[in-house]
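Open the model in your viewer and keep the selection panel handy. We will go from one stop to the next, and at each one I will tell you what to select and what is there.

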Amino acid sequence: MPYPSPPRIPSGPRRRTLLASAASAALLAGCTAGADSGGTGPSATVRARARAAGDSRELLARYDAVLAAFPGLTGRLHPLRTEVAAHVAAFTQGTTPTATPSGSASPSPSASPSPVPATEKDALASLAAAERTLADRRARELLDVPGEPARLLASVAAAGAAHAYLLTTGGTK
């Protein structure tokens, strides 16, 4: 009687790896918080938060477009979309209304997101690529902002990396 083959181990980062990356990014952000002299800190922070809020709005619009094109993906995408909406709120919380529009580099893309691919599989791959690209950009940018904003960027970058993983592996949480 043949033995069943062992289950295939999914490729990609493990949960521990994602958590360790987020923790190390937060530690790195905490270590660089004191290096800011304060001369350009507030403006750099305001610009980074505005850019991150705009990027999250654009990503949210992509989720909305995919959900409109493929309503069958609602159960899978709704939790991720909800987190992206929370990221927008986190980046805009405590900012003045004039800081976000003036610092936003791309207000028009959120109004017209990129076209949705023709198949569900391609749409998920497109969302995963957008999440991964944005997470990588945020991980690079967190070194340019001090303290709490850097920790927020690190946390959201880790969440984006987890979203990309979940979108490519078929996970729903």
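In what order do the elements of the protein chain run from the N terminus on? They run α-α-α-α-α-α-α.

**Before you start**

This is a predicted model, in which local features need pLDDT of at least 70 and side-chain atom pairs count only at pLDDT 80 or more, while totals for chains, interfaces and linings use all residues. Residues are numbered from 1 along each chain as its sequence is written, and side-chain values use heavy atoms, with hydrogens and water left out.

**Stop 1: the whole chain**

Colour by secondary structure. Of its 173 residues, 36% count as buried. Here buried means under 20% relative accessible area, exposed over 50%, and partly exposed in between, with a 1.4 Å probe and protein chains only. Among contacts (heavy atoms within 4.5 Å) between residues at least 6 apart in sequence, 83% join residues at least 24 apart.

**Stop 2: α6 against α7**

Select residues 120-141 for α6 and residues 147-169 for α7. The two helices pack at an angle of about 155°, with their axes 8 Å apart. Axes are lines fitted to C-alpha atoms, for helices over the stretch in contact, and angles run from 0 to 180 degrees between N-to-C directions. α6 and α7 are therefore roughly antiparallel to each other; the cut-offs are under 35 degrees for roughly parallel, over 145 for roughly antiparallel, 65 to 115 for roughly perpendicular, and oblique for the rest.

α6 passes α7 in a left-handed crossing, meaning that the near helix is turned anticlockwise from the far one by less than a right angle (clockwise would be right-handed). To see the contact, show side chains including Leu124, Leu127, Ala128 and Glu131 of α6 and Leu153, Val156, Ala157 and Gly160 of α7. By class, this contact has 11 nonpolar, 3 polar and 4 charged residues. Ala, Val, Leu, Ile, Met, Phe, Trp, Tyr, Cys and Pro count as nonpolar, Asp, Glu, Lys and Arg as charged, and the others, Gly among them, as polar.

While you are on α7, click Ala158, which is found in this helix. At 19% relative accessibility, Ala158 counts as buried.

**Stop 3**

Now select residues 74-92, which form α3. How do α3 and α7 lie to each other, roughly parallel or roughly antiparallel? Their axes come within 11 Å and cross at roughly 165°. That makes α3 roughly antiparallel to α7. The crossing is left-handed. Residues to show include Leu80, His87 and Phe91 in α3, and Leu152, Ala159 and Leu166 in α7. The contact of α3 with α7 has 11 nonpolar, 3 polar and 2 charged residues.

Arg76, Leu77, Val84 and Phe91 of α3 meet Leu124, Leu127, Glu131 and Arg138 of α6. By class, that is 5 nonpolar, no polar and 3 charged residues.

**Stop 4: salt bridges**

How many salt bridges are there? The count comes to 4, taking a salt bridge as a side-chain nitrogen of Lys or Arg within 4 Å of a carboxyl oxygen of Asp or Glu.

- Arg51 and Glu141 meet at 3.2 Å, N to O. Arg51 is in α2 (residues 41-69) and Glu141 in α6, 90 residues apart. Arg51 is partly exposed at 31% relative accessibility, whereas Glu141 is buried at 14%.
- Asp64 and Arg81 meet at 2.5 Å, N to O. Asp64 lies in α2 and Arg81 in α3, so the pair ties together parts that are 17 residues apart in sequence.
- Glu148 and Arg151 have their closest N and O atoms 3.0 Å apart. Both are in α7, separated by about one helical turn. Glu148 is exposed at 55%, and Arg151 is partly exposed at 28%.

Terms used: Helices (H or I, at least four residues) and strands (E, at least two) are DSSP runs, numbered from the N terminus.
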